[in-house]
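User: Please take a close look at the side-chain contacts in this model, beginning with the charged ones and then going on to the aromatic rings.

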Amino acid sequence: MIIGPYINGSAVLLGGIVGALLSHRLPERLRTSMPLIFGAASMCMGVVLVVKVIHMPVMVLSVILGALMGELCYLEKGIGKLGSKARSLVEVFVKSDPGDQASQEQFLQSYVAIIVLFCASGTGIFGSMHEGMTGDTSVLIAKSFLDLFTAAIFATTLGFAVAVVAVPQLIIQLLLAYGAVFILPLTTPEMQADFSAVGGVLMFATGFRICGIKIFPVANMLPALILAMPISSLWVHFF
């Protein structure tokens, strides 16, 4: 029975709600310092995944082609619109000050980073596929602890919209977990390692974005995850 995605989704939902309710009670120093810690943790997790790479040219080519596809499709712009609609949906039930244009842009930048971190992290993708094949939930449970506190902290500034991310996260992880039965037999350890490395690059870029060091177009890089395994297979075949 698949339970990891439900645990992970519940952690984001609970953290988002609790964080939004306690937003005015948490000290300002926690709300400003903890995202830096989460960004650093995301970068460290990205490094751990990147070092697993088997074929470095595959990782580089996948990231470049994936980012190019995302830019041409305006993927980040589309996710930003979905984030704006999610915020409007939440404000139907919970009224909040939308703020000025600058604060709305800051909200969308942070919200896109959160969507990528929760829905498209390498840990979540592999944890879902791993559970689908073996029934082991340990990876997703470990991720749930991080997501619980991350959602709570970011909800203090982004509000209840953070809790809404639990819905697409649950859908994506369930699809991956049940689809893993058909996908993983077609892969090799080398393909999985290259796929993991590409996910690590995205998590590293997400960490930079959360810390506010550089606003990488992380959502536009998501197609790289789709390209990683096919390119790795072709690389082994021809080289």
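Analyst: Lysine 143 and aspartate 147 form a salt bridge, with 2.5 Å between the closest N and O atoms. The term stands for a side-chain nitrogen of Lys or Arg within 4 Å of a carboxyl oxygen of Asp or Glu, and by this rule the count comes to one salt bridge. The model is predicted: local features need pLDDT of at least 70, side-chain atom pairs count only at pLDDT 80 or more, and totals for chains, interfaces and linings use all residues. Residues are numbered from 1 along each chain as its sequence is written, and side-chain values use heavy atoms, with hydrogens and water left out.

Because lysine 143 and aspartate 147 are four residues apart in helix α7 (residues 138–158), about one helical turn separates them. Helices here are DSSP runs (H or I, at least four residues), numbered from the N terminus. Both lysine 143 and aspartate 147 are buried, where buried means under 20% relative accessible area, exposed over 50%, and partly exposed in between (1.4 Å probe, protein chains only).

Turning to the rings, the whole structure holds three aromatic pairs. Phenylalanine 204 and phenylalanine 208 make a tilted one, at 5.2 Å centre to centre and 55° between the planes. Rings of Phe, Tyr and Trp (its six-membered ring) pair if their centres lie within 6.5 Å; planes under 30 degrees apart count as stacked, over 60 as edge-to-face and the rest as tilted. Phenylalanine 204 and phenylalanine 208 lie four residues apart in helix α10 (residues 189–211). Phenylalanine 208 is partly exposed at 22% relative accessibility. Phenylalanine 208 also pairs edge-to-face with phenylalanine 216, at 5.9 Å and 80°. Phe204, Phe208 and Phe216 form one aromatic cluster.

Technical notes. Helices (H or I, at least four residues) and strands (E, at least two) are DSSP runs, numbered from the N terminus.
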